[in-house]
Amino acid sequence: MTIEVACPECDGQLQHEHDHWLCGACHHKFSQRVHCDKCDAELEKLKACGAVDYFCNSCNELKSKRAVIRRFERLDS
Ligand SMILES: [Zn+2]
Ligand SMILES: [Zn+2]
């Protein structure tokens, strides 16, 4: 299964490598941050029984993977 993720800098394709994402076109590294769809706070990642869920400490709500907002933050300069 291939997940296609567009680079926020150049629209190239990002590839998942270990704990970060690498753009094959501009070679910048990104880390993925997951935010709440309601309050925009950064979510806490919860792993249970092989499934990943997210928890918002501001809303006090469990978030499903589909409900969250994902953003990429550049790691190098
Ligand atoms: Zn790029
Ligand atoms: Zn929230």
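Predicted model: local features only at pLDDT ≥ 70, side-chain atom pairs only at ≥ 80, totals over all residues.

**Exercise 1. The overall architecture**

Describe the secondary structure, the dimensions and the surface of the protein chain.

Solution. 
- Step 1. The chain contains 0 helices and 8 strands, and its pattern along the sequence reads β-β-β-β-β-β-β-β.
- Step 2. The C-alpha trace extends over about 40 × 25 × 20 Å along its principal axes.
- Step 3. Of the 77 residues in the chain, 25% are buried.
- Step 4. The accessible surface amounts to about 5,600 Å², and carbon and sulfur atoms contribute 46% of this area.
- Step 5. Among contacts with a separation of 6 or more, 33% are made by residues 24 or more positions apart.

**Exercise 2. The aromatic pairs**

Solution. 
- Step 1. In the pair of Trp-21 and Phe-72, the ring centres lie 5.6 Å apart and the planes meet at 75°. Planes over 60 degrees apart count as edge-to-face, so the pair of Trp-21 and Phe-72 is edge-to-face.
- Step 2. Trp-21 belongs to strand β3 (residues 20-23) and Phe-72 to strand β8 (residues 69-74), and the pair links distant parts of the chain, 51 residues apart.
- Step 3. In the pair of Phe-30 and Phe-72, the ring centres are 6.5 Å apart and the planes stand at 80°, so this pair is also edge-to-face.
- Step 4. Phe-30 is located in strand β4 (residues 29-35) and Phe-72 in strand β8, so their pair ties together parts 42 residues apart in sequence.
- Step 5. Phe-72 occurs in both pairs, and Trp-21, Phe-30 and Phe-72 form one aromatic cluster.

**Exercise 3. The partners of Arg-33**

With which residues does Arg-33 form salt bridges?

Solution. 
- Step 1. The chain carries 11 positive and 13 negative side chains, and the centres of the two sets are 4 Å apart. The structure holds 8 salt bridges.
- Step 2. One of these joins Arg-33 to Glu-42, with the closest N and O atoms 3.8 Å apart.
- Step 3. Another joins Arg-33 to Glu-73, where the closest N and O atoms are 3.1 Å apart. Glu-73 lies in strand β8 and Arg-33 in strand β4, so this pair ties together parts that are 40 residues apart in sequence.
- Step 4. The relative accessible area is 26% for Arg-33, which is partly exposed. Glu-42 is partly exposed as well, with 47%, and Glu-73 counts as partly exposed at 40%.

**Exercise 4. A network of salt bridges**

Where do Asp-37 and Lys-63 lie, and to which network do they belong?

Solution. 
- Step 1. The side chains of Asp-37 and Lys-63 meet in a salt bridge of 3.0 Å, N to O.
- Step 2. Asp-37 is placed in the loop between β4 and β5 (44-48), and Lys-63 in strand β7 (residues 61-63), so the pair ties together parts 26 residues apart in sequence.
- Step 3. Asp-37 counts as partly exposed at 38% relative accessibility, whereas Lys-63 is buried, with a relative accessible area of 4%.
- Step 4. Salt bridges link Asp-37, Lys-38, Glu-61 and Lys-63 in a network.

**Exercise 5. The surroundings of Cys-10**

Which residues are in contact with Cys-10, leaving aside its neighbours within four places in sequence?

Solution. 
- Step 1. Cys-10 is found in the loop between β1 (5-6) and β2 (13-17).
- Step 2. With 35% relative accessibility, Cys-10 counts as partly exposed.
- Step 3. Apart from neighbours within four places in sequence, Cys-10 is in contact with Cys-23, Ala-25 and Cys-26.
- Step 4. Cys-10 and Arg-70, separated by 60 residues in sequence, are 17 Å apart in space, C-alpha to C-alpha.

Conventions: Residues numbered from 1 in each chain as written. Chains lettered and ligands numbered in written order. Heavy atoms only, no water. Helix = DSSP H or I, 4+ residues; strand = E, 2+ residues; numbered from the N terminus. Buried < 20%, exposed > 50% of the residue type's maximum accessible area, 1.4 Å probe, protein only. Contact = heavy atoms within 4.5 Å. Areas by Shrake-Rupley, 256 points an atom, 1.4 Å probe, with all protein chains shown as cover. Lys, Arg positive; Asp, Glu negative; His and termini not counted. Charge placed at Lys NZ, Arg CZ, Asp CG, Glu CD. Phe/Tyr/Trp six-rings, centres within 6.5 Å; stacked < 30°, edge-to-face > 60°. Salt bridge = Lys/Arg side-chain N within 4 Å of Asp/Glu carboxyl O.
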